[in-house]
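Please keep the model open while reading.

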Amino acid sequence: MRPGTPRAAPSIGARERLSDWIDRHSAQVFIWPAVIMILVFSIFPLVASLIMALSRIRFRGGTYNVRFVWFQNFEKQLFGSEQFHFLGTFNGLGLLGWAVGLAVTLLIAWLAISYLRGPVTAVGLVGRLFTWGLSLGLGWLFAATLFSGHPFGTLGTTLFYVFVGCGLQFVIGLALAFLCSLPIRGRTFFRVVFFIPLMITPIGVGYAFRMMADTTKGPFSPVWQWAGLGDFAWAADAWAARFFIVIGDSWQWIPFIFVVMLAALESVPRDYVEAAQVDGATSWEIFKDITWPQVVPVAATVLLIRVIEAFKIVDLPNIMTAGGPGIATESMTLHALFAWRSLDLGQSAAVAYLLLFVTVVTCVSFFNLVVLRRVRA
């Protein structure tokens, strides 16, 4: 026997033990890098921004001074000097404002009574308290601003982008997906064309729509002149600027809803549709009773994803209007960005956390009250 031969057995045994250990712990080995990345790039910035939201940071002489002020930054946004910027201007409620506020209050009271009459769980009650509280606050916010003739702040503008923009995008995207799911000529070409806007960066979309909406020198200026809008300065009108931003945002994100809903519509079993056609059902009845129930889970998921993304809109308002006129088109993300540019890091972080709170409550409420209810049904 050659020298060193007996040492091979322990080496082989060690490799086998290492291979067995890797097999047993392969899940942890593969998942820990992702966990570490999440901790570094998500949890740490979340904690650091919370510390800044509870502090007042001042830069001076090549250094900076940090002083804890606890909830003063949030108080400033909700009740202090920044209230007009975040919530809007309150100069008394008009008759329509009182009507809207009371209607929202009665509706929430009816929903609360209906829920309390049934089986109540601790988690469900806490979640609904957040939902009812936020809904009541937003109802009276719009009652005191929009429906009383007063301007609302960045919170109202963000909600306008979310609900109006996402609603418009979902309806158009679903309609285009339904048309392209039918056996029509050229549907492959339209599928490619409808997908192109999703590949363009938001900054490019903002500059493109800013150029196209120019009524004096843009490529469509002859059309604006022919329509009698050659002297119309849309960027100086609050509602016109908001709608132009919604149009640009919709042009970019309708393809996302279109692609996902097209895949969902094409996954509906054809046997159900053909059986309904044999029974004499109309196209609307087939869509309402057969197709739509099959794609509701996908529709709810894609709408939830789009709502989360819409809360973070910042590129188009910044490029197209720079938040103007005044603060009419300024979203909460852009509000935080402007505060950060002015080195007011505490206020910037406070606005970001307020946005996080509104986003989480809205999305969790949508998931619990729409998605889970539909799944149980």
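In sorting lining residues by type, Ala, Val, Leu, Ile, Met, Phe, Trp, Tyr, Cys and Pro count as nonpolar, Asp, Glu, Lys and Arg as charged, and the others, Gly among them, as polar. The model is predicted. Its protein chain is assigned domain 1 (9-53), domain 2 (90-149) and domain 3 (151-376).

**Cavity**
- Searching the whole structure gives 1 cavity of 30 Å³ or more.
- The largest cavity holds about 30 Å³ of space.
- Tyr-161, Val-246, Asp-249, Ala-310 and Ile-313 form the lining of the largest cavity.
- By type, this lining has 4 nonpolar residues, no polar residues and 1 charged residue.

**Domain 2 against domain 3**
- Between the C-alpha centres of domain 2 and domain 3 the distance is 26 Å.
- Contacts join 10 residues of domain 2 to 13 residues of domain 3.
- Domain 2 and domain 3 bury about 910 Å² between them, and 81% of that area comes from carbon and sulfur atoms.
- Of the area that domain 2 buries against domain 3, Thr-131, Leu-134 and Phe-142 supply 41%, more than any other three residues.

- Helix 15 spans residues 332-341.
- Its buried residues are Met-332, Leu-334, His-335, Ala-336 and Ala-339.
- An α-helix has 3.6 residues a turn, so residues three or four places apart point the same way.

Note on methods
Residues numbered from 1 in each chain as written. Predicted model: local features only at pLDDT ≥ 70, side-chain atom pairs only at ≥ 80, totals over all residues. Heavy atoms only, no water. Buried < 20%, exposed > 50% of the residue type's maximum accessible area, 1.4 Å probe, protein only. Helix = DSSP H or I, 4+ residues; strand = E, 2+ residues; numbered from the N terminus. 1 Å grid on protein atoms, 1.4 Å probe; cavity = no way out; pocket = protein on both sides within 12 Å on 5 of 7 lines; lining within 4 Å. Points joined across faces, edges and corners; volume = space filled by probe spheres on them. Domains from an automatic or database assignment. Contact = heavy atoms within 4.5 Å. Buried area = accessible area lost by both parts, 1.4 Å probe.
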